[in-house]
Amino acid sequence: AGGVNGAPAPFDKGGVKIALVSYISAGDFFQAYQAGAEAQAKALDIDLRVFPGRQDAAAQREQILQAINLGVSAIVIDHGLPESLGDVVQQALDKGIKVVAFDVNLNNPKIPQVEQSDHELADLALKQVVKENGDSFKAGYVYVAGFAPLDRRNEVWDAFKKQNAGVVEKARFGNVSDTTATSTADQAKAALAANPDITVIFAPYDEFARGVKLAATDLGIANKLKIYSADVSTADIQEITEPGSPWVATVATNPAVVGAVSIRAAALQVAGQEVPHQITVKPTLLTQEGLRAANVQTIEELAKKVPAFSASDAVTASWIPDKLF
Ligand code: SR1
């Protein structure tokens, strides 16, 4: 470890141990988030210990205890169930370990919360829904309660339905597991077969949208359905832009940028510098039409065209390299 020139202690010497403890590792979003965290850690000469998520609350608790025992200086907690984390997170704080939470509400003033402005994300998606479908249609909605970002997006969906009496939610389904897309596809197939009048699906997680698209294609109804989602990846861009795709828009950040921001929030705290309690990475609306017109095929191409996909100005400092992608 050589450290970072001009950085405050302990980053001047390098080798600072930080843990990334995830609840979910499967899927494009979480893999890109981890890759971004790793890139930012490398740029800061951090010894990043990654604990892969298995959608298992008990395993995540155990991993936090392991990280404490490893003597890390900070822990980034990526998703999880707040009720099973409170006491182990408190143990970390009591030992002077800094904690950052991404998309899990730990409700502790000492823990900065990173999020993608989920209310704005859902609002942008639903404005696009109205632009393309009017304010009167039959909808399907994909949701699983208990995940902070999905719960925040759900608040916006509930308010949207109240404000638009012509929007009727005919079916609600969803599954979060290590096979989210295929399990959601099975549920979507049943819901769409039972409700042939559904024309719009709000699926605010890319694995959900991928599942619904699979179901619509299998049922041969892709041409009468429009899917609106959250998140983006290279694979998503290909699914959105392919001919005849029902996936017409998504609202997203670059998850790698969010991963990098989470590590920066941890590093700043370890260096004894100020970090805001609420850290937001703002999402951008990406439409099928816009992606096709710009001939964008990968997340790297997107990063070249949309500055928000290459970097965020959240929690930066002069000593932190932040041009990573
Ligand atoms: C199960 S929660 C999935 C969401 O977490 C992140 O916020 C991503 O945006 C994804 O949609």
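This is a predicted model: local features need pLDDT of at least 70, side-chain atom pairs count only at pLDDT 80 or more; totals for chains, interfaces and linings use all residues.
**Exercise 1. The ligand shell**

By class, how many nonpolar, polar and charged residues does the shell around the ligand have?

*Solution.* Start by listing the residues around the ligand, which are Phe29, Asp103, Gln116, Phe147, Pro149, Leu150, Val176, Tyr205, Ala230 and Asp231. Sorting them by class gives 7 nonpolar, 1 polar and 2 charged residues. Next, take the division of the protein chain into domain 1 (16-116 + 254-282) and domain 2 (118-252).

**Exercise 2. The contact between the domains**

Determine how far apart the centres of the two domains lie, and describe the side of domain 1 that touches domain 2.

*Solution.* The C-alpha centres of domain 1 and domain 2 are separated by 29 Å. The contact takes 14 residues from domain 1 and 16 residues from domain 2. On the side of domain 1 that touches domain 2, the largest share, 3 residues, comes from helix H1 (residues 28-43). By class, the residues of that side of domain 1 divide into 5 nonpolar, 5 polar and 4 charged.

**Exercise 3. Helices H1 and H6**

Compare the end-to-end span of each helix with its expected value, and identify what its buried residues pack against.

*Solution.* Take H1 to begin with: at 1.5 Å a residue its 16 residues should span 22 Å, and the distance of 23 Å between its end C-alpha atoms agrees with this. The buried residues of H1 are Phe29, Phe30, Ala32, Tyr33, Gln34, Gly36, Ala37, Gln40 and Ala41, and their cover includes strand S1 (16-22), strand S2 (46-51), strand S3 (74-78), H7 and H9. Now turn to H6 (residues 180-194), whose 15 residues reach 21 Å from the first C-alpha to the last, close to the 21 Å expected. Buried in H6 are Thr180, Ala181, Thr184, Ala185, Gln187, Ala188, Ala191 and Leu192, and the buried residues of this helix pack against strand S6 (137-142), strand S7 (167-173) and helix H7 (206-219).

**Exercise 4. The largest nonpolar core**

Which residues of the largest nonpolar core touch the most other members, and which helix gives the most to this core?

*Solution.* Of the 107 residues in this core, Ile18, Ile75, Val76 and Ala125 touch the most other members. Helix H9 (residues 255-270) gives the most to the core, with 11 residues, and at least three residues are drawn from each of domain 1 and domain 2. To follow one of these members, leave aside the neighbours of Ile75 within four places in sequence; Ile75 is then in contact with Ala19, Val21, Ile64, Ala67, Ala92, Ile97 and Val99.

**Exercise 5. Backbone exceptions**

Locate Asp45, Ser117 and Pro10, and state what sets the backbone apart at each place.

*Solution.* As background, most residues other than glycine have a negative phi, and most peptide bonds are trans. Asp45, in the loop between H1 and S2, has a positive phi near 55°, and because it has 17 C-beta neighbours inside 10 Å, Asp45 counts as partly exposed. Ser117, in the loop between strand S5 (113-115) and H4, likewise has a positive phi near 55°, and with 18 C-beta neighbours inside 10 Å, Ser117 counts as partly exposed. Finally, Pro10 is found in the segment before S1, where a cis peptide bond with omega of about 0° joins Ala9 and Pro10.

How values were computed: Residues are numbered from 1 along each chain as its sequence is written. Helices (H or I, at least four residues) and strands (E, at least two) are DSSP runs, numbered from the N terminus. The expected span of a helix is 1.5 Å times one less than its number of residues. A residue is buried if 20 or more other C-beta atoms lie within 10 Å of its own, exposed if 12 or fewer, and partly exposed in between; C-beta atoms are placed from the backbone. Two residues are in contact if their C-beta atoms, placed from the backbone, lie within 7 Å. A nonpolar core is a set of buried Ala, Val, Leu, Ile, Met, Phe, Trp, Tyr and Cys residues joined through C-beta atoms within 7 Å. Domain bounds come from an automatic or database domain assignment. A residue is near a molecule or strand if its C-beta atom, placed from the backbone, lies within 6 Å of it. Ala, Val, Leu, Ile, Met, Phe, Trp, Tyr, Cys and Pro count as nonpolar, Asp, Glu, Lys and Arg as charged, and the others, Gly among them, as polar.
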